[in-house]
Amino acid sequence: MSHTLPVGYAVRPASPADVDGARHVMLDTFYKDFGYGYVPRWHRDVMDIQGAYLDDPRHALLVAVHGGEVVATTGVRSQGPAHPPHPRHLAERYPSGTTAQLVRVYVRPEHRRRGLARTLVDAARDFVLDTPGYECVYLHTDANVEGAESFWRGMAKEVFDARATGEHGPGVATVHFEIPL
């Protein structure tokens with residue numbers, strides 16, 4: 001599925017030249033949108049984007065650029081949700097290797113509402129379809145982030161709402177989704 005982007009925007013696989021810009025988008029999201037900053041146990045891939053995404057043929061980092069600047073990111077990794085912190089039944093349903101986990105779907109605030117996230121997710125889904133061995137696309141989101149839950153409900157199927165269980169502690173509103181292939 002292809003979406004028309006506004007003039008001046010492009011979506012493409014990340015290159016080594018995009019690594020610093022992508023890292024800045026990710027870190028700004030952790031600090032400004034999520035409010036908790038960089039957490040090494042959750043965000044190791046952000047410090048080694050080259051190794052985590054570009055050097056592994058089953059992984060991908062896609063970026064949206066505007067005026068030569070990275071303004072949005074989306075990653076694909078061949079790993080399911082870890083238990084803990086996620087429930088065991090999700091780790092068993094979405095095993096590493098056959099699960100493509102969608103991660104780091106972030107758009108700078110001044111570039112939102114222009115179709116970038118949807119276009120990046122569609123490109124990530126196409127990557128998964130073209131990469132042998134994947135059986136599904138899994139992701140989780142923080143429903144406390146404005147617009148996140150409604151965005152995912154528009155293109156994915158909820159598989160578990162962890163708000164009732166408090167899997168990550170008080171105030172964290174994780175909802176798990178699958179995108180049909």
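The side chains of R77 and D45 meet in a salt bridge, 3.2 Å from N to O; the term requires a side-chain nitrogen of Lys or Arg within 4 Å of a carboxyl oxygen of Asp or Glu. R77 lies in strand 3 and D45 in helix 2, so this pair ties together parts that are 32 residues apart in sequence. Both R77 and D45 are buried (under 20% relative accessible area; exposed is over 50%, partly exposed in between, with a 1.4 Å probe and protein chains only).

A word on the basis: this is a predicted model, where local features need pLDDT of at least 70, side-chain atom pairs count only at pLDDT 80 or more, and totals for chains, interfaces and linings use all residues. Residues are numbered from 1 along each chain as its sequence is written, and side-chain values use heavy atoms, leaving out hydrogens and water.

The count comes to 12 salt bridges. E149, R153, E158, D161 and R163 are linked in a network of them, including these two pairs:

| Pair | N to O distance |
|---|---|
| E158 and R153 | 2.5 Å |
| D161 and R163 | 2.7 Å |

E158 is partly exposed at 35%, and R153 is too at 38%.

Just after helix 1, G35 takes a positive phi of about 80°.

Terms used. Helices (H or I, at least four residues) and strands (E, at least two) are DSSP runs, numbered from the N terminus.
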